[in-house]
Amino acid sequence: PRWPPTPSSCLIPTLSAMVKSSSSSSAPARTSRMTKRTTARSGLSRQQLAALVLQRPASGPSTKTVSADLTQLQKHLGKPCPHFGKRGVVQFFAPKSSKSSSNAGPPRFNKYAGWAEWRNAIFLWVNAVGGNFTNAFVRGGQQVAWYVGGQKPTENSPVVKRLLASARGEAAESNTKILMFVRPRETEPYILCGPCKYVGHNARKRGFEFTWELKDFAKLQTSPDFKRLMEVARPTGRASSKSAAAAAKW
């Protein structure tokens, strides 16, 4: 597919309509109205919307220094994120102060990592198919294998230590939520699968394997998007290295 991929969210269709409308005499007025509707739905300013669509470098603070706004969790559980890619998810859950700021772009994070750390949460990125690891879904999708990845992670790696501390209920991470986001394919938006419960880990597996259980699995089972996700996740063979690299980036 052509890169960057076209998001399956409401943003790009609207922008496409804006381009088509430019051929008419009333194009400026209609374009202005469409832009206002798009920014209203996404909760972003014009500058932030442009930065997200055009993939401009993020200019905000590191996600590690701010708390994610998790007030929308239940409303969007089992649904695709309104914005595309990891960056779109980070933008969507950025604190309100960041969304209202005139500075374009979401908080900064490592888009090549399989996670994004916040002060109050850790987001886990999962590809139903593709990527560098096979993220197995078992028990009907209730449990998911997720891999830390990177350069030979160990139990002393910072994110691993934090995940294990949260799993053990240690005081420093007692309020940290572990949230999983899964996308059917790298050209589609991430679906919010909600908070995770630690089941186990295997440091000897390549990439350091964790097994997580989806706490809201009963509710997820009623979601058409989650059902489709499970259909896509059925084993169909390993993706090419080119597809895996693309999935890691987006």
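Does A218 count as buried or exposed, and at what relative accessibility? A218 counts as exposed, at 59% relative accessibility, where exposed means over 50% relative accessible area, buried under 20% and partly exposed in between, with a 1.4 Å probe and protein chains only. The structure is a predicted model in which local features need pLDDT of at least 70 and side-chain atom pairs count only at pLDDT 80 or more, while totals for chains, interfaces and linings use all residues. Residues are numbered from 1 along each chain as its sequence is written, and side-chain values use heavy atoms, with hydrogens and water left out.

**Overall make-up**
- The protein has 10 helices and 7 strands; these are DSSP runs numbered from the N terminus, with helices being H or I of at least four residues and strands E of at least two.
- Of the 250 residues, 51% count as buried.
- The accessible surface comes to about 12700 Å², and carbon and sulfur atoms hold 52% of that area; the areas come from the Shrake-Rupley method with a 1.4 Å probe, and for residues only the protein chains shown count as cover.
- Among contacts (heavy atoms within 4.5 Å) between residues at least 6 apart in sequence, 67% join residues at least 24 apart.

**Largest pocket**
- The largest pocket has a volume of about 420 Å³.
- A pocket is an open set of points on a 1 Å grid over the protein atoms alone, where a 1.4 Å probe fits, with protein on both sides within 12 Å along at least five of seven lines.
- Grid points are joined across faces, edges and corners, and the volume is the space filled by probe spheres set on the points.
- Strand 2, strand 4 (143–147) and helix 10 (241–249) each supply at least two lining residues, and strand 2 gives the largest share, 3 residues.

**Cysteines**
- The disulfide count is 0, a disulfide being a pair of cysteine sulfur atoms within 2.5 Å.
- The sulfur of C193 is 8.0 Å from the closest cysteine sulfur, in C196, which is too far for a bond.
- C193 is buried at 1% relative accessibility, and C196 is buried at 6%.

**Loop residues**
- G131 sits in the loop between strand 2 (121–127) and strand 3 and is buried at 9% relative accessibility.
- The C-alpha atoms of G131 and E186 are separated by 8.5 Å, although the residues are 55 apart along the chain.
- Most residues other than glycine have a negative phi.
- R139, in the loop between strand 3 and strand 4, has a positive phi near 55° and is exposed at 53% relative accessibility.
- K152, in the loop between strand 4 and helix 7 (158–168), has a positive phi of about 45° and is exposed at 75%.

Technical notes. 1 Å grid on protein atoms, 1.4 Å probe; cavity = no way out; pocket = protein on both sides within 12 Å on 5 of 7 lines; lining within 4 Å.
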